[in-house]
Amino acid sequence: MKGFNSYVGRPMERVEDLRMVRGRGTYVADVNRPNQLYAVILRSSVAHGIIRSIDSSDALALPGVHHVLTGKDLGSKVPVIPLRLQPLPQLEAFHQPVLADRKVRYVGEPVAVVIADSAAVAEDALERVALEIEPLPAVANRSQAEAKRAVLFEEHGSNVAITWSAFRGNADEAFKTADYVRRETFKIQRHAAMFMEPRGFVAEWDEAAGKLTVWGAAKTAWHNRRTLAAQLGLPLDAVDLIEVDVGGGFGSRGEFYPEDYLIPAAARIVGRPVKWTEDRREHIMSANHARDVECDVEFAVSRDGRFIGLRGQIWADIGAYIRTNGSVGPRNVAQFMSGPYCIEHIDLKSSMLTTNKTPSGTYRGPGRYETDFIRERMIDLVAQDLKIDRVELRRRNLVADAQMPYPLASITPYDSSTELDSGDYHAVFDRCLKEFGWDERSKLRGQLIDGYYHGLALGSFIEGGAAGPKEEARLVLETDGALSVYIGSSSVGQGLETIMTQIAADAMEMSYDKITIRHGSTSYVKDGYGAYHSRSTVMGGSAILLAADKLKDLIRKTAAARLGCEVEQILIEGEQAGFDGEHLAFAGLSDVPLEVEAEFFNKKYTWAYGTQAAHVAVDPGTGHVKVIDFISVEDVGRMINPLTLHGQAIGSIVQGLGGAFLEHLVYDDEGQLLTGSFADYLMPTASDFPNIRSITVELKPCPNNPLGAKGAGEGGLIPVGGVMANAVADALSHLNVQPMELPLSPPRIWQLVERAKTANITV
């Protein structure tokens with residue numbers, strides 16, 4: 001890989017940034033088509049109810065209104081959103097219709113679409129649509145769901161959509177023979193991805209050509225293209241989804257939502273381009289939510305502090321429907337709860353509960369953020385009970401290098417097994433402690449300094465990445481010697497263009513500035529899978545390597561024909577091919593572009609891993625928490641660009657801190673969202689957490705891909721909730737404060753402190 005060039009491994013600045021800082025990025029709001037109309041969406045203000053009537057006559061009478069799209073425009077059967085991941089027949093009953101079909105099940109569910117000359121006219125017309133909904137009892141939490149206050153899907157007869165089972169060994173027998181068992185209940189609040197740029201689409205239907213073009217694709221353009229074409233009854237090649245610049249995604253943006261169908265359908269119905277961009281309130285109440293998990297879990301441990309067994313019941317509040325990837329988080333909580341530790345016997349059930357809330361999906365570290373909070377809190381509690389140092393307890397149970405590959409729990413009913421691929425978990429663990437200065441800082445534990453109690457915590461984690469089954473790349477050597485690289489991976493702000501340029505430049509031994517990356521649009525390659533599960537670098541980058549080998553073969557063949565020699569005699573060095581002292585530059589090598597395609601197939605996950613440590617100070621009077629220092633050390637196998645990776649890690653940690661302390665989507669008992677703006681939903685800023693450090697190492701390359709890289713975009717976030725809860729508990733150890741719920745908001749911590757005081761504990 002590192003022959004003529006050595007771009008891979010260098011901290012190169014992002015090639016994307018220059019156009020962004022100059023204001024020359026093109027986001028979907030910047031896309032406009034001739035003769036364009038605008039759409040706004042009428043959303044239900046009722047959490048649960050029967051639609052009795054929709055009267056749009058007054059709206060249609062308003063000048064400038066062209067159409068009001070309702071369910072009757074969509075035929076005898078309203079299309080539903082299929083599952084992209086873990087599709088199971090028993091989940092089909094919970095698929096979401098693109099417009100509410102006879103019934104609404106959450107506040108924000110689309111009911112109708114108004115298309116007008118401007119967004120302002122459409123908003124005015126929205127107020128004239130007469131919508132009558134007969135309210136039904138709302139199900140807004142686990143107790144209401146289990147008590148069947150109402151059943152969202154009557155034909156199913158229960159609010160439990162499905163229960164996942166993670167298993168390994170014989171947990172029941174392990175618990176019978178265990179020297180010690182600890183059981184606790186934990187809760188993680190509902191929060192979600194709040195990317196900077198809200199979603200949007202521009203759709204244009206060309207009747208003469210029979211062609212539909214949609215701008216605003218992100219994350220999974222090819223899957224969405226197949227879904228949209230099938231729903232509209234169009235051939236696949238009649239639909240193109242175009243990716244423009246994307247202001248963040250984090251697992252939420254780019255999944256197939258009702259709007260992915262409604263805006264193209266509206267354009268086809270009215271025969272003119274239609275544009276829709278959501279506002280922040282729409283985003284908060286309609287884009288995928290995440291987390292919202294409760295867990296009753298038990299640890300079985302031997303007398304000498306060896307983890308023996310893990311079992312429990314998880315309840316995941318998934319909201320009103322299961323759409324696209326809604327099973328991922330609930331499944332991951334169960335399957336990956338053992339994390340980087342040896343636990344041979346596991347029995348975990350994860351039940352997905354339907355409630356009258358916005359549907360859930362993936363958000364950076366789905367299920368893994370939740371499960372790490374549960375596991376790392378339990379480890380500290382076990383250490384406290386057994387009087388074993390919590391550092392030693394973790395070190396004693398980490399998976400050893402010699403045990404690799406190490407199998408994790410299997411899961412059913414969508415059967416899946418995986419194994420940790422490689423790693424020296426103990427080396428990274430010790431590196432984190434050393435860099436943090438754990439021994440010296442430990443002298444501050446529980447100390448009261450300037451009105452704040454100080455505490456420390458640490459936690460180890462694994463980060464799965466590189467989901468298959470494949471990714472595609474197309475390389476075109478232009479006649480002027482430039483290289484165009486077309487890939488199925490998508491850009492969601494992670495620096496894709498920079499990283500892929502580095503990989504392509506080394507693979508082709510070409511100058512960095514002669515390479516252009518084209519990504520994410522369905523017109524670029526035959527098939528693509530996109531950006532999720534920290535997969536883009538591994539899957540897309542490996543596809544580029546395979547395509548580069550093909551392109552070099554084609555270059556040799558072309559050069560051999562011109563030089564009158566055998567293909568095997570051609571040597572490629574730099575940007576030229578030669579034989580016997582005669583060289584041909586890539587520029588002008590052929591009268592036509594030289595083009596190849598390649599696919600990289602892989603069904604094995606990569607597993608980055610690491611350890612984090614934190615130092616906090618807690619004001620027992622107000623509950624305010626200062627994050628004094630935070631460090632993360634992670635092994636990613638091989639770094640392509642240390643600079644962009646560092647940015648990914650720091651940003652990921654900040655998101656984890658936001659989830660631990662600030663972010664909370666709150667509903668009342670009637671299913672009304674109470675945190676519908678940034679006035680109520682708190683977001684972290686740079687000044688909230690100024691002291692964050694990230695160290696990335698390359699100890700154990702991944703054996704399952706030619707780059708040796710491991711997906712590393714989410715690891716920083718995964719252990720943060722557990723580390724913060726343990727640090728707060730450590731600071732207030734003299735009070736025996738034990739946080740079992742997130743977020744660790746000041747009022748929540750203050751309540752815990754007051755409860756401890758009333759238990760006759762001296763402060």
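Visitor: Is Val 80 buried, exposed or partly exposed?
Guide: This is a predicted model, in which local features need pLDDT of at least 70, side-chain atom pairs count only at pLDDT 80 or more, and totals for chains, interfaces and linings use all residues. Residues are numbered from 1 along each chain as its sequence is written, and side-chain values use heavy atoms, without hydrogens and water. Buried means under 20% relative accessible area, exposed over 50%, and partly exposed in between (1.4 Å probe, protein chains only). Val 80 has a relative accessible area of 35%, so Val 80 is partly exposed.

Visitor: Which residues does Val 80 touch, not counting residues up to four places away in sequence?
Guide: Contact means heavy atoms within 4.5 Å. Val 80 touches His 95, Gln 96, Pro 97 and Gln 231.

Visitor: Is Thr 324 buried or exposed?
Guide: Thr 324 is in contact with Ile 81, Pro 82 and Phe 256, among others, leaving aside its neighbours within four places in sequence. Its relative accessible area is 0%, so Thr 324 is buried.

Visitor: How are helix 16 and helix 17 oriented to each other?
Guide: Helices are DSSP runs (H or I, at least four residues), numbered from the N terminus. Axes are lines fitted to C-alpha atoms over the stretch in contact, and angles run from 0 to 180 degrees between N-to-C directions. Helix 16 (residues 642-661) and helix 17 (residues 720-731) pack at about 55°, with axes 8 Å apart. Angles under 35 degrees count as roughly parallel, over 145 as roughly antiparallel, 65 to 115 as roughly perpendicular and the rest as oblique, and the two helices are therefore oblique.
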